[in-house]
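Please keep the sequence and the model in view while reading.

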Amino acid sequence: EAGAQGRGMDKHDVDAVAATCAPGLIGALLVGVFREGLSLSANLPLIPVHHLRSHIASNYITNPELEPPFLCLVVSGGHTHIIEVTDYTKLRILGKTRDDAAGEAFDKAARAMGMPYPGGIAMDKLAETGNDKAFKLPRPTVDGAPLDFSFPAQDAVINILHNAEQKGQTVNIADLSASYRKAVVDCLVRNFLHAADETGHKKLVIAGGVSANALLRRRLTEECKRTGRTLYMPDLSLTGDNAAMVGAQAYYEYLAGHTAGMKLNACAQRSIDLG
C-alpha cells in the first residue's frame with residue numbers, strides 16, 4: 001500500500017520482523033537472528049521461520065490460489081523430504097533421505113565429472129543434450145520404508161569414469177549427466193507418487209533449489225496430467241534461497257501467534273514439523 005501511494009516503506013509500515021532461525025549453516029543463521037536488535041529497537045514482534053517451511057511458502061507467491069492441505073516434495077542441497085501440509089504451520093514428514101539429499105547427490109556426481117559448482121545446475125543444463133539411456137545406474141530403495149530416499153551414490157559415476165580411463169576410452173559426459181539425472185529424478189518421482197497414492201492427495205507441490213530441475217518439472221507435470229492431479233511449482237526465481245519466501249511463511253507464522261523473544265537462537269538442525 002505504501003508503494004502504491006508513491007512513498008517508500010518505513011518502520012511504521014511493518015507489523016513484525018522475521019528471521020530464519022533453522023536449519024542450516026550456523027554462521028548464516030546467526031546473521032538472520034541478529035534481527036532481534038531490529039525487532040527490539042522498533043518494538044515489533046520477532047517471528048522465527050523454519051528454512052524449509054519458507055521454501056514451501058514460495059509456492060504461495062507463485063500460486064496464490066494454493067491452499068493446504070497438499071503434499072509437498074522439498075528437494076534442496078541439504079534436504080529431501082516428502083511433507084504433508086495440513087495447514088500453513090502444521091506439517092508432517094512422510095519420507096526423507098537416508099543419506100545424501102538430492103542436491104548433494106547431483107553436486108557430488110557433477111564434481112566427479114569435472115563440472116563447476118553448483119554442479120547440479122551445470123549437470124541439468126548438460127543433461128538436456130545427452131542420452132539418458134546410455135548408462136545403467138541404480139535406483140536404490142529403503143527396505144521397510146518405501147517413502148524414504150537413498151540416491152545413486154557418486155561412486156557409480158566415479159567407477160564409470162575410472163574404468164573408461166583405464167581402458168583409454170572417452171566418456172560422453174552429456175550422456176552420463178543425463179543418465180545420472182534420470183536415476184535421481186526417477187527416485188524422487190517414484191516415492192512422491194507413492195506417497196500421493198497412499199494419502200490420496202490430489203494437490204502436489206515441489207519446493208527447494210532442486211525444484212528448478214528441468215527433468216523433475218517435466219516428469220511431474222506429465223505424471224500429474226496422467227493421474228488427474230494438480231501440480232504446483234514455484235517460479236524459477238523463487239526456487240533458491242530468497243527473502244520473499246521467508247516473508248511469505250512468516251505471515252502465516254505471525255497469524256498463528258508464533259513469535260519469539262529476545263533469546264531466540266540459531267539452530268543448525270531442526271525438524272520441519274517442529275517449526
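Leaving aside neighbours within four places in sequence, Met245 is in contact with His51, Ser54, His55, Ala57, Ser58, Ile61 and Gly240. The model in which these contacts are found is a predicted one. Met245 belongs to helix H9, which covers residues 243–255. Is Met245 buried or exposed? Its relative accessibility is 1%, and because buried means under 20% relative accessible area, Met245 counts as buried. One of the residues it touches is Ser54. Met245 and Ser54 are 191 residues apart along the chain, yet 5.0 Å separates their C-alpha atoms.

**The chain as a whole**

The chain has nine helices and seven strands. It contains 275 residues, of which 49% count as buried. Contacts between residues at least 6 apart in sequence can also be sorted by separation: 74% of them join residues at least 24 apart.

Two packed helices are described by the angle between their axes and the distance between the axes.

| Helix pair | Angle between axes | Distance between axes |
|---|---|---|
| H4 and H5 | about 75° | 7 Å |
| H4 and H7 | about 170° | 11 Å |

How are H4 and H5 oriented, parallel or perpendicular? With an angle of about 75°, H4 and H5 are roughly perpendicular to each other, because angles of 65 to 115 degrees count as such. From H4, the residues Phe106, Asp107, Ala109 and Ala110 make this contact, and from H5, Gly119, Gly120 and Met123. The contact of H4 with H5 comprises four nonpolar residues, two polar residues and one charged residue.

The second pair joins H4 to helix H7, which spans residues 173–199, and the angle here is about 170°. H4 is therefore roughly antiparallel to H7, since the angle is over 145 degrees. On the H4 side, the contact involves Ala102, Ala105, Phe106 and Ala109, while H7 supplies Tyr180, Arg181, Val184, Val185 and Leu188. In the contact of H4 with H7, eight residues are nonpolar, none is polar and one is charged.

**A residue of helix H8**

Arg219 is located in helix H8, made up of residues 214–227. Which side chain does the side chain of Arg219 meet in a polar contact? The partner is the side chain of Asp186, at 2.6 Å. Leaving out residues up to four places away in sequence, Arg219 touches Val185, Asp186 and Val189. The relative accessible area of Arg219 is 19%, and because the cut-off for buried is under 20%, Arg219 is buried.

**A pair of strands**

Strand S4 (residues 80–87) and strand S5 (residues 90–96) run antiparallel and are joined by six bridges. A hairpin of two residues leads from S4 to S5. Within this pairing, Ile83 stands opposite Ile93 in S5.

**Cis peptide bonds**

Most peptide bonds are trans. Where in this model are cis peptide bonds present? A cis bond joins Pro68 and Pro69, with omega about 5°. Pro69 lies in the loop between helix H3 (51–62) and strand S3 (70–75). The bond from Tyr117 to Pro118 is also cis, and its omega is near -5°. Pro118 is placed in the loop between helix H4 (102–112) and helix H5 (119–127).

Note on methods:
Residues are numbered from 1 along each chain as its sequence is written. This is a predicted model: local features need pLDDT of at least 70, side-chain atom pairs count only at pLDDT 80 or more; totals for chains, interfaces and linings use all residues. Side-chain values use heavy atoms; hydrogens and water are left out. Helices (H or I, at least four residues) and strands (E, at least two) are DSSP runs, numbered from the N terminus. Buried means under 20% relative accessible area, exposed over 50%, partly exposed in between (1.4 Å probe, protein chains only). A polar contact is a pair of N or O atoms within 3.5 Å; within protein, one must be able to donate a hydrogen and the other to accept it, and residues adjacent in sequence count only if both atoms are side-chain atoms. Contact means heavy atoms within 4.5 Å. Two strands pair if DSSP finds at least two bridges between them. Axes are lines fitted to C-alpha atoms, for helices over the stretch in contact, and angles run from 0 to 180 degrees between N-to-C directions. Angles under 35 degrees count as roughly parallel, over 145 as roughly antiparallel, 65 to 115 as roughly perpendicular and the rest as oblique. Ala, Val, Leu, Ile, Met, Phe, Trp, Tyr, Cys and Pro count as nonpolar, Asp, Glu, Lys and Arg as charged, and the others, Gly among them, as polar.
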